[in-house]
Amino acid sequence: MNFFLTSFFVSVMASSTPLLLAATGELVTERSGVLNLGVEGMMLVGAVTGFVAGDLSGSVTLGLLAAILGGVALSAVFAFLTLTLLCNQTAAGLALTIFGRGFSSLVGAAFVGIKGPELVKLDVPGLSHIPFFGPVLFGQDALVYFSFVMLAVVAWFLYRTHAGLVLRSVGDSHDAAHAIGYSVGGIRLGAVLFGGAMAGLAGGYMSLAYSPMWAENLTAGRGWIALALVVFATWRPAWLLGGAYLFGAIMYLSLYVQGIGVAIPSPFISALPYIVTVVVLAVISRDRRRVRLNQPACLGRPFYAGA
Amino acid sequence: MLNQTAADGGPYLSLRGVTKQFPGCLANDHVDLMVGRNEIHALLGENGAGKSTLVKIIYGVLRPDEGEIVWRGEKVTVQSPAHARRLGIGMVFQHFSLFESLTVAENVALGMNDPKDRANLRERIVDISQRYGLPLSPDQTVHDLSVGERQRIEIVRCLLQNPKLLIMDEPTSVLTPQEVEKLFATLRRLASEGCSILYISHKLEEIRALCGAATIMRLGRVVAHCTPSEKSAKELAELMINAELDPPERSRRVVAKDAKPKLVVDRLTIKSPHPFGTDLKEIGFSVYPGEIVGVAGIAGNGQTELMDALSGEVPSGAPERILLDGVAIGHSGPQQRRALGGCFVPEERNGHGAIGAMTLSENAFLTASARRSLARFGFVSQARTVDFARQIIRGFDVRTTGPKAQARSLSGGNLQKFLIGREVMQAPMLLVINQPTWGVDAGAAAAIYRALAELAEKGAAVLIISQDLDEIFLVCDRVAVIAGGRLSPPIPVKQATIEQIGLVMSGAAAKSEDGASVREHA
Amino acid sequence: MRFVPRGQVSTFWTYASPVLAIVLTILSTGVIFWAMGQAPGPAAYTFLVAPLVQAGGLSALAVKAAPLIMMGAGLALCYRASVWNIGAEGQFTIGAIFAGGFALAFPDMPGWLLYPGTIMAGLIGGALMAGLVAFLRTEFNVNEILSSLMLTYVAQFLLIYLVTGPWKDPQGFGFPQTAMFSEGATTPILIEGTGVHLGCLAAPLAAIAIWALMSKSTLGFQLRVVGEAPRAARFAGFSERRLVWVALLTSGALAGLAGMFEVTGPIGQLTTQISPGYGFTAVIVAFLGRLHPIGAIFAGLLLALSYLGGDAAQIDLGLPNAVTGIFQGILLFLLLACDILILYRFQLASPRAKAIGAAE
């Protein structure tokens, strides 16, 4: 039983981490007033560039860097389309996802079925072998810890620094921010690229740590779930943590239940995370006033500065 | 030499030959302006005279095409608002640059470029706000605050940076008379402490009371410099609009004793659906055929909510709260109300009364499809719709290329004429208009007033919701005041004075003796 | 360099922008072929021209284009109303499941009853799936982008469950597929000897019907108004709730119909792979067709070609057929980018241009 609990917690943390990473990035993007629906596409591109770079170089670190770069590159395209060319953000985000799918399966075609390098799990002598707490607290890979750190850094940045205040102000009213003299485009560019980097890293985690291999459409909708998580958290970092672990647990559970051969047909269990997402969204969104109160007022609205 | 003049108390700010061209409009044409130390200087002009453009140039939001700005003896190019603030120029915008979801302190911090200005911010906000009589608590969120409180944030934000010049763009249009008095006290104190003030307004009495000097603009040009206290309001107004001000005395209609009201609103109470809106409380009034009734009030006192309740966008508590020609319509939608003869023109033209990206004929179809039979068997009758749009364009002198022109290609005044024409030409029994001449040039405003008067002559009931008291006194037969979501009983305009109505607008009248006298007249 | 608002829509660029986007996409695809070690010219020929000139090329194009046009036209209607249904793939799947289920349940029903029944089942299936999205949006305020996409995954798993479980063909050698549908439930072939089926005719007809609805009817007018200016729609008295339902049910029913034609036509049974992402490609079809149902016909043909080209590239050049996805993604990027020319003018920087947008 103890063994079961330990492996359960360790696995849930692994399956929650990509969700948390991607959602943290998207939270920052949305707080600046930009809705980037291309998280799934950026994750896929991150996953494939990360895997290919990791496989060719043999280095997980290089792989993860490449994953970040992949995500950033794709988000830069999004930023150019939506911030410079003022395209519809919904359409541009969808384009990102469609392109990400195509690009990742094209690049990854030659790498299907290869076992790539794997991100090692921490092994602190003594500590990591304490029953239960050892593996859970001291036996994770670096990105699990990193995802917590990033979330804390983002929360600190948004609520404790002036730059974070400026970013929130741009999401709240880009006209007012512009009138006071802030560069709306520049701040949003930064936020979009950060979102891209985090989504890319989340993809890299999928292909280099979670299941160290490449398969077509590896992320299986996790980018979309990350988007739903931001709504679930009503744009507050603290809630993101709970949401990511809730969904991570459900995703793992659906794998686990299939593994132990429960009588429920496995497609139903596989569909569970997506059904739960819809149900949770319904519960959260029902209170329109609450959503409206927390949602960045300029979310999804293009800004033309004229200057 | 220039430095010397500045030190002597010569001009603090001087503009020479500032010119700004927009496509199709020369917004500023060689404008000269001088503001001295300790001076409260008025910049006076009608909508579209170029005042806002000029102050945006001073504040670094826009760059002039030509001309120079001399600030405290030195020629400067103001690069940006941040640069302006570093130079000691602060500005309070007409449309506040505030962030609804942030606190007062955060809003103030966002206006500070220098990190050291942000130290001990909350203490300093409290300190400044007490010193200048601008009560504020730093931790309140902006969306919970009244318009007057919001303006205080803007002012405190400026004052914290010790400005040498404070620009105020139409600061009193959103304030009650009481708040205006307090603001003036603050401004006078600031000026006495060495901060010059550039005060933009089109309200003549205010300027005479407050300002030591004035520059008057018309159509982008400076037409006069003067000392406002030496001129009468009428003289100032004539300078401003270059026409002898003699409003044609309209024959006030007297409603026949036995006439039945077209619109009856009875104890209408609605909770605003907007998180920060105003609830309507126990509103009651009637509008009779052939009369124009005005609803005066300061923005944000329930005008939008009243308009939505009348037009049917928001249903009323019970059907009989609103009667249109005797029919209870409180629960009817906008289409049913139109079918019964109620027509409406909302305040916001683009996106509410009209769709900018659609053609004029499509916009004509928007509200007139039923009353003008523009649809047949569920399909749009193209010929009839285009013809109707053409009739509006002709009948209301709308300057446009034709029915196929996009609504957004029209100027504000022309689009407003089109929208009012669209409703008037449906021969309504009741017409309700929110802010009929908001942002409209004088020519179009005159045409609109004429159309409303004619409609009333024909026996329709007309209700005007307006922030502009002068307008209400010009066109209305009776006037009521909305304040805090409550409506005072309408009284004949002939028996009312602007001062009286102004008092009710502040919400104080209900308890005061003046208020009692207002009610007596009713 | 900067963009200056034109102040009105440029008619020229409304039509020229997709053409420019297509040209640029073809150039970009050439660069990708080159990067993959192919000669760009011949590879582009293989991808874009060869599929058409070979025997049966045009009929293959029509077959691939049918579901894209049908769904693209429905999505164009939806997007015009600012209802962002991106779950056409799921509605397609449920339509196929309903139609397939009906066909499997009543194999011996007379054909004149069976086939219309199958069509109805497809329509209802797609509409129900989209109706769920509409219900979630109008009753629970759930963002339709997320819900329609999530439900697409659910639909896919439902299909897998059915064809590997209760509906699995006992004589199918364990393959995840149902039995072939009976003769009466099969979509008729229109041109003997080709694959061109009834759906290939129904798709453009559906697009024309949607066009008539959108541009001529009061309902279409209301949909356009609610998409362009929701506040104006409320002012005019149009019910947003009703219009959301109309938009989703219409596009859902069309997607379901497309799914029905696909499984009762070219495929002939239910399998786990009934769509190579038609529902997602239809999103591009809608945009490329200017959110205009007639435009969707042309756009559907072009994107159908990208599928054929992907297959050809795989067979003749040994490239992964994911080239199709890249082509589609780049096309949508470039289309969105070129669309700025409709509302804005491109201008080199000048101080005068700088201030125009900042003015009130």
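**A walk through chains A, B and C**

Hi everyone, let's start where chain A meets chain B: 15 residues from chain A and 17 residues from chain B take part in the contact. Two residues are in contact here if their C-beta atoms, placed from the backbone, lie within 7 Å. Before I go on, please keep in mind that this is a predicted model, where local features need pLDDT of at least 70, side-chain atom pairs count only at pLDDT 80 or more, and totals for chains, interfaces and linings use all residues. Residues are numbered from 1 along each chain as its sequence is written, while chains are lettered from A and ligands numbered from 1 in the order in which they are written.

Back to that first contact. On the chain A side, helix 7 (162-172), helix 8 (174-180) and helix 13 (288-294) each supply at least two residues. Helices are DSSP runs of H or I with at least four residues, strands are runs of E with at least two, and both are numbered from the N terminus. Helix 7 of chain A gives the most to the side touching chain B, with 6 residues. By class, the side of chain A that touches chain B has 7 nonpolar, 4 polar and 4 charged residues. For these classes, Ala, Val, Leu, Ile, Met, Phe, Trp, Tyr, Cys and Pro count as nonpolar, Asp, Glu, Lys and Arg as charged, and the others, Gly among them, as polar.

A quick word on chain B itself. Chain B holds 18 helices and 23 strands. Of its 522 residues, 49% count as buried. Buried means that 20 or more other C-beta atoms lie within 10 Å of the residue's own; 12 or fewer makes it exposed, anything in between is partly exposed, and the C-beta atoms are placed from the backbone. If you take contacts in chain B between residues at least 6 apart in sequence, 67% join residues at least 24 apart.

Now for chains A and C. How many residues of chain C are in contact with chain A? There are 43 residues of chain C in contact with 43 residues of chain A. Several helices of chain C each bring at least two residues to the side touching chain A, including helix 5 (111-140), helix 6 (144-164) and helix 11 (278-288). Helix 6 of chain C supplies the largest share of that side, 12 residues. The side of chain C that touches chain A divides into 32 nonpolar, 9 polar and 2 charged residues.

Next, the inside. The largest nonpolar core has 392 residues, and Leu229(A) and Met71(C) have the most contacts inside it. Its largest share, 17 residues, comes from helix 9 (residues 184-210) of chain A. A nonpolar core is a set of buried Ala, Val, Leu, Ile, Met, Phe, Trp, Tyr and Cys residues joined through C-beta atoms within 7 Å.

Let's follow helix 9 of chain A. The axes of helix 2 (residues 39-57) and helix 9, both of chain A, come within 6 Å and cross at roughly 55 degrees. Axes are lines fitted to C-alpha atoms, for helices over the stretch in contact, and angles run from 0 to 180 degrees between N-to-C directions. Helix 2 of chain A and helix 9 of chain A are therefore oblique to each other. Under 35 degrees counts as roughly parallel, over 145 as roughly antiparallel, 65 to 115 as roughly perpendicular and the rest as oblique. Among the residues that meet are Gly46(A) and Gly50(A) in helix 2 of chain A, and Gly200(A) and Gly203(A) in helix 9 of chain A. This contact has 12 nonpolar, 8 polar and no charged residues.

And what does Met71(C) touch? Its partners, not counting residues up to four places away in sequence, include Ala88(C), Phe92(C), Tyr278(C), Gly279(C) and Ala282(C). Those names come up again where helix 4 of chain C meets helix 11 of chain C: Ala88(C) and Phe92(C) are among the residues from helix 4, and Tyr278(C), Gly279(C) and Ala282(C) among those from helix 11. This contact divides into 5 nonpolar, 2 polar and 1 charged residues. The axes of helix 4 (residues 88-105) and helix 11 of chain C come within 6 Å and cross at roughly 135 degrees.

To finish, one residue in chain A. Is Val153(A) buried or partly exposed? Val153(A) is partly exposed, because 13 other C-beta atoms lie within 10 Å. Val153(A) sits in helix 6 (residues 142-160) of chain A. Val153(A) and Pro237(A) are 84 residues apart in sequence and 10.0 Å apart in space, C-alpha to C-alpha.
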